[in-house]
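Let's take a friendly walk through the charged side chains of this structure. Have the sequence and the model open as you read.

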Amino acid sequence: VQLQASGGGLVQAGGSLRLSCVASGRALKDYGIGWFRQAPGKEREVVSTITRSGGSAYYTDSVKGRFTISRDNAKNTVYLQMDSLKPEDTAVYYCAGKRMYPSPTLKYNYWGQGTLVTVSS
C-alpha cells in the first residue's frame, strides 16, 4: 500500500486544519493507521491511531480533546481533524499503516511522505 498525506499549512494559534491520508495500491480497510509528527530537533512521536474498522482510536495526551482521527474506508482515506491548534503542534505530520493492530509505537511498515503544519502564535 502507498500512503499520501496532505492538508498541512500555516494557521494561527486556535485555528483548525484537517489532514488527509489517502491509500492506493491496496484497500485501506486492511490497515490500522497512525498519525505521527516530528518537530524540528525532536524525535518522531505518535499522535493518534485508528483501528481498521474505525472502532477504536488512541490519542497522545497532548492532543486529547483537540484532535479527532476518523476514516472512510470507502474513500480509502484517514483524516486527522486538528482544532485549537497550538504553536507546539508545529511539525511535519506523517501517516503510516500496518496490517496488525495499530499500536502507539513507531513500528509501522508503510509510511507516507510528510505534510508540514505550522502554527503561528
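A salt bridge here is a side-chain nitrogen of Lys or Arg within 4 Å of a carboxyl oxygen of Asp or Glu. Side chains of opposite charge can pair when their charged atoms come close. The model is predicted, so local features need pLDDT of at least 70 and side-chain atom pairs count only at pLDDT 80 or more, while totals for chains, interfaces and linings use all residues. Residues are numbered from 1 along each chain as its sequence is written, and side-chain values use heavy atoms, leaving out hydrogens and water.

By the salt-bridge rule, the count is 5. Begin with Asp 61 and Lys 64, whose side chains form a salt bridge at 3.0 Å, N to O. For accessibility, buried means under 20% relative accessible area, exposed over 50%, and partly exposed in between (1.4 Å probe, protein chains only). Asp 61 is exposed at 61%, and Lys 64 is partly exposed at 48%.

Next, look at Lys 29 and Asp 30, which meet in a salt bridge at 3.3 Å, N to O. Lys 29 is partly exposed, with a relative accessible area of 48%, and Asp 30 is also partly exposed, at 25%.

Now turn to Arg 66 and Asp 89, where the N to O distance of the salt bridge is 2.7 Å. Arg 66 sits in the loop between strands E6 (57–59) and E7 (67–72), and Asp 89 in the loop between strands E8 (77–82) and E9 (91–98), so their pairing ties together parts that are 23 residues apart in sequence. Strands (E, at least two residues) are DSSP runs, numbered from the N terminus. Both Arg 66 and Asp 89 are buried. Through salt bridges with shared partners, Arg 37, Glu 45, Arg 66 and Asp 89 join into one network.

Definitions and conventions:
Helices (H or I, at least four residues) and strands (E, at least two) are DSSP runs, numbered from the N terminus.
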